[in-house]
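Biologist: I am new to this structure, so please show it to me and I will ask about it piece by piece.

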Amino acid sequence: MQTLTSVKTAVLIATYNRPEVIEDTLSYCLGIYEKFNFDVYVFDSGETQKSERVIKKLQNTHKNLYYIRLCSYTHLDCKWLDMVRGKYLKDDYDYYYVCSDSNSLTEYSLQKFYPYLQKSYDIITLNDFAHIDKTTEYTDANEYFNSPNSNVGLWGGAIYNKRLFNLSDEEWNELIFKWFNKQDEYIGYVGFIFDRLSKLNDLKIVIPEMNVKPSMILHRSRYKKYSFWRFDALKLLAITYPKIYAKLPKIYTNKHEKLLNLLRANFNEDYFWFCKRNKSFNLKNYLKHKEILDKYDPQIMNKRIFFIAILPKRKFFYNLIKKLVK
């Protein structure tokens with residue numbers, strides 16, 4: 001099959017115990033990716049060989065698919081570092097597309113991104129919520145940091161230029177120690193990316209116009225169940241992100257406001273009621289995180305969160321109390 005571009009991209013997919021999902025995703029995307037010179041690497045840390053058998057079978061008909069086995073206890077952030085460090089890759093690539101095992105780009109998306117791949121942008125942000133009516137570009141790390149678009153790009157929705165990760169072994173070891181010291185908790189690849197962006201010259205980031213339905217941008221596996229990562233979102237945003245932002249280089253300003261915007265955008269009423277219905281949010285969880293939320297903004301939702309934590313599932317009571325506490 002003739003490829004449409006000489007730019008080489010490695011698609012880096014992390015998977016864990018989801019053979020049906022990864023099979024559905026790869027069956028959809030492998031042929032499309034081959035047209036655009038995309039090689040696919042699956043990093044599997046599952047506890048069975050089911051995903052491996054699926055991938056070995058697909059390798060019989062797709063030469064752009066590679067399989068890497070990782071330890072089942074590998075932390076997600078460390079897995080992410082293993083992927084972008086490039087030590088498992090079979091070739092030299094211009095870009096890395098780091099994504100989940102349940103999503104893949106459509107041919108429409110790749111045609112849209114093709115001009116930017118040729119122009120050596122450092123980040124091409126993929127907005128799978130769609131309806132962006134104009135293309136936006138950034139040449140300053142702080143400007144990108146303070147934009148809402150960075151939230152999409154740093155939660156697994158971006159194609160990265162390899163130069164972000166073009167480091168010596170000594171630099172890798174230093175950064176890994178700085179950002180992934182177990183004694184200080186894992187603070188994640190988000191801090192790693194912002195650290196790298198602050199040190200790049202001639203930075204170029206683009207968010208292409210995508211004023212279409214989300215299904216035109218990403219294919220989502222029909223086998224994917226509702227993601228329960230949201231149960232840990234309170235800990236991620238209220239504990240992990242403050243640590244990340246506290247250690248970011250001085251180039252980044254308005255860190256407090258940025259964190260508030262993240263908290264307000266992610267902790268809406270529907271989110272907490274969903275967690276309540278699934279028995280993942282209760283008074284104990286509320287007390288655990290209240291001190292952190294108070295530190296940034298006592299008015300974010302503490303009263304509302306409290307009532308959701310202690311009340312039964314009936315939203316009627318909550319709506320009555322909400323009127324009293326406004």
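Biologist: Where does Asp 202 lie?

Modeller: This is a predicted model, in which local features need pLDDT of at least 70, side-chain atom pairs count only at pLDDT 80 or more, and totals for chains, interfaces and linings use all residues. Residues are numbered from 1 along each chain as its sequence is written, and side-chain values use heavy atoms, with hydrogens and water left out. Helices (H or I, at least four residues) and strands (E, at least two) are DSSP runs, numbered from the N terminus. Asp 202 lies in the loop between helix H8 and strand E9 (205–207).

Biologist: Is Asp 202 buried or exposed?

Modeller: Buried means under 20% relative accessible area, exposed over 50% and partly exposed in between, with a 1.4 Å probe and protein chains only. The backbone of Asp 202 has a positive phi of about 55 degrees, although the residue is not a glycine. With a relative accessible area of 70%, Asp 202 is therefore exposed.

Biologist: Asn 37 has a positive phi too. How does Asn 37 count by accessibility?

Modeller: Asn 37 is not a glycine either, and its phi is about 65 degrees. It sits in the loop between helix H1 (19–35) and strand E2. Its relative accessibility is 22%, so Asn 37 counts as partly exposed.

Biologist: How are H3 and H8 set against each other, parallel, perpendicular or oblique?

Modeller: Two packed helices are described by the angle between their axes and the distance between the axes. Axes are lines fitted to C-alpha atoms, for helices over the stretch in contact, and angles run from 0 to 180 degrees between N-to-C directions. H3 (residues 76–85) and H8 (residues 188–197) pack at about 40 degrees, with their axes 8 Å apart. Angles under 35 degrees count as roughly parallel, over 145 as roughly antiparallel, 65 to 115 as roughly perpendicular and the rest as oblique, so H3 and H8 are oblique.

Biologist: How many residues of the contact of H3 with H8 are nonpolar?

Modeller: Contact means heavy atoms within 4.5 Å; H3 brings Asp 77, Trp 80 and Leu 81, and H8 brings Gly 188, Tyr 189, Phe 192 and Ile 193. Ala, Val, Leu, Ile, Met, Phe, Trp, Tyr, Cys and Pro count as nonpolar, Asp, Glu, Lys and Arg as charged, and the others, Gly among them, as polar. One residue of this contact is polar and one is charged, while the nonpolar ones number five.

Biologist: How many residues of H3 are buried?

Modeller: The buried residues include Trp 80 and Leu 81, together with Lys 79, Met 83 and Val 84. Asp 77 and Asp 82 are buried as well. H3 is mostly covered, and of its ten residues the buried ones number seven.

Biologist: At what angle does H3 run to E1?

Modeller: H3 lies across strand E1 (9–15), E2, strand E4 (95–100) and strand E8 (158–161). After H3 comes Gly 86, whose phi is positive, near 85 degrees. Relative to E1, H3 runs at about 160 degrees.

Biologist: Which strands stand at the edges of the sheet?

Modeller: Two strands pair if DSSP finds at least two bridges between them. Eight strands form an open sheet with mixed pairing, in the order E3-E2-E1-E4-E8-E6-E9-E7, and neighbouring strands are turned by 20 degrees against each other on average, direction ignored. Each edge strand has a single partner, so one side of each is left without a neighbour in the sheet; the two are E3 (65–69) and E7 (136–138).

Biologist: In which sense do E4 and E8 pair, parallel or antiparallel?

Modeller: Five of the six residues of E4 are buried. Val 98 has Ala 158 of E8 as its bridge partner. Over four bridges, E4 and E8 pair in a sense that is antiparallel.

Biologist: What share of the residues in the protein is buried?

Modeller: The secondary structure comes to 15 helices and ten strands. In E1, Thr 9, Val 11, Ile 13 and Thr 15 point one way and Ala 10, Leu 12 and Ala 14 the other, and all of these are buried. Of the 326 residues in the protein, the buried share is 50%.
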